[in-house]
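Student: I have a model open and I'd like to learn how to read it feature by feature. Can you walk me through it?

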Amino acid sequence: MVKQAENICRQATIQPRDNKRESQNWRALKQQLVNKFTLRLVSCVQLASKLSFRNKIISNITVLNFLQALGYLHTKEELLESELDVLKSLNFQINLPTPLAYVETLLEVLGYNGCLVPAMRLHATCLTLLDLVYLLHEPIYESLLRASIENSTPSQLQGEKFTSVKEDFMLLAVGIIAASAFIQNHECWSQVVGHLQSITGIALASIAEFSYAILTHGVGANTPGRQQSIPPHLAARALKTVASSNT
């Protein structure tokens, strides 16, 4: 929508200047943007559903009924034109990888491999934990960095080298799923982690460390009943030991 507004403004500025006509043109352009805003917004949501939700794609009928309830009357052809306008504005570059895509792909494979925890239950928890990781991105990854080097004060160089870990969506996905499995059924956690290690090739220690970081930040450091904090790398090793002994 921003790009389309910029294009409209750019076209308006190259027209011959006439104060009276210019004022009228700007009012017309403003109304044009207002009229298209809701339609473009809904088109963005519909395109996102086609990319991410697979079996839950928002249909044209649903969109038309929604717009009609808001007082906007559009045809299916106008919906398609609006989607095309959005795609053109983005140069058709919308199929960008996201952590959710990795999570859903791994959940499908886990389902085929006979995972003891139902994929639908894991999916719901994964969505919540993905939100948590984004809200607590810095503290979670800081604790991962300290656990990986077994030092509470990492150097600047170590922090820079850790950037690749922050950008690893597959690692994030296995950590999210492992933490979700622990929440849903901790007795099946080792089986899920074993499957994840087999599917992705990511070491058990890395999966354990990531899931521990997510769980501790999700539960909170001051949870009643916790007598003393355990160093992250030691706790992760304990999780890894459990996983290894059951896989």
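Student: What pattern does the protein chain follow, read along the sequence?

Tutor: Keep in mind that this is a predicted model. Along the sequence the pattern is α-α-α-α-α-α-α-α-α-α-α-α-α, and the count is 13 helices and zero strands.

Student: How much of the protein chain is buried?

Tutor: Of the 247 residues, 32% are buried.

Student: Is Ser-82 buried or exposed?

Tutor: Buried means under 20% relative accessible area. Ser-82 has 1% relative accessibility, so Ser-82 counts as buried.

Student: Let's look at a whole helix. Which residues of helix 6 are buried?

Tutor: Helix 6 covers residues 119–135, 17 residues in total, and spans 24 Å from its first C-alpha to its last, close to the 24 Å expected at 1.5 Å a residue. The buried residues in helix 6 are Leu-122, Thr-125, Cys-126, Leu-129, Leu-130, Leu-132 and Val-133. They lie on the same side of helix 6, because the arc they cover around the axis is only 160°.

Student: What is exposed on the other side of helix 6?

Tutor: Met-120, Thr-128, Asp-131 and Leu-135 are exposed there. Back among the buried residues, Cys-126 has a relative accessible area of 1%.

Student: Now rings. How many aromatic pairs are there in the whole structure?

Tutor: The search finds three aromatic pairs. One of them is Tyr-102 with Phe-169, an edge-to-face pair with 6.0 Å centre to centre and 75° between the planes. This pair links distant parts of the chain, 67 residues apart: Tyr-102 is in helix 5 (residues 99–112) and Phe-169 is in helix 10 (residues 169–184).

Student: Why is the pair of Phe-182 and Trp-189 edge-to-face?

Tutor: Look at the angle between the planes; over 60 degrees counts as edge-to-face. The planes of Phe-182 and Trp-189 are at 85°, with ring centres 6.4 Å apart, so this pair is edge-to-face. As for accessibility, Phe-182 is partly exposed at 33%, whereas Trp-189 is buried, with a relative accessible area of 3%.

Student: Which residues in helix 11 are buried?

Tutor: Trp-189 is one of them, along with Ser-190, Val-192, Val-193, Gly-194, His-195 and Leu-196. Helix 11 (residues 189–200) has 12 residues, and its C-alpha span of 16 Å, first to last, is close to the 16 Å expected at 1.5 Å a residue.

Student: What happens just after helix 11?

Tutor: Check the backbone there: Gly-201 takes a positive phi of about 80°.

Conventions
Residues numbered from 1 in each chain as written. Predicted model: local features only at pLDDT ≥ 70, side-chain atom pairs only at ≥ 80, totals over all residues. Heavy atoms only, no water. Buried < 20%, exposed > 50% of the residue type's maximum accessible area, 1.4 Å probe, protein only. Phe/Tyr/Trp six-rings, centres within 6.5 Å; stacked < 30°, edge-to-face > 60°. Helix = DSSP H or I, 4+ residues; strand = E, 2+ residues; numbered from the N terminus. Expected span 1.5 Å × (residues − 1). Arc of directions from axis to C-beta.
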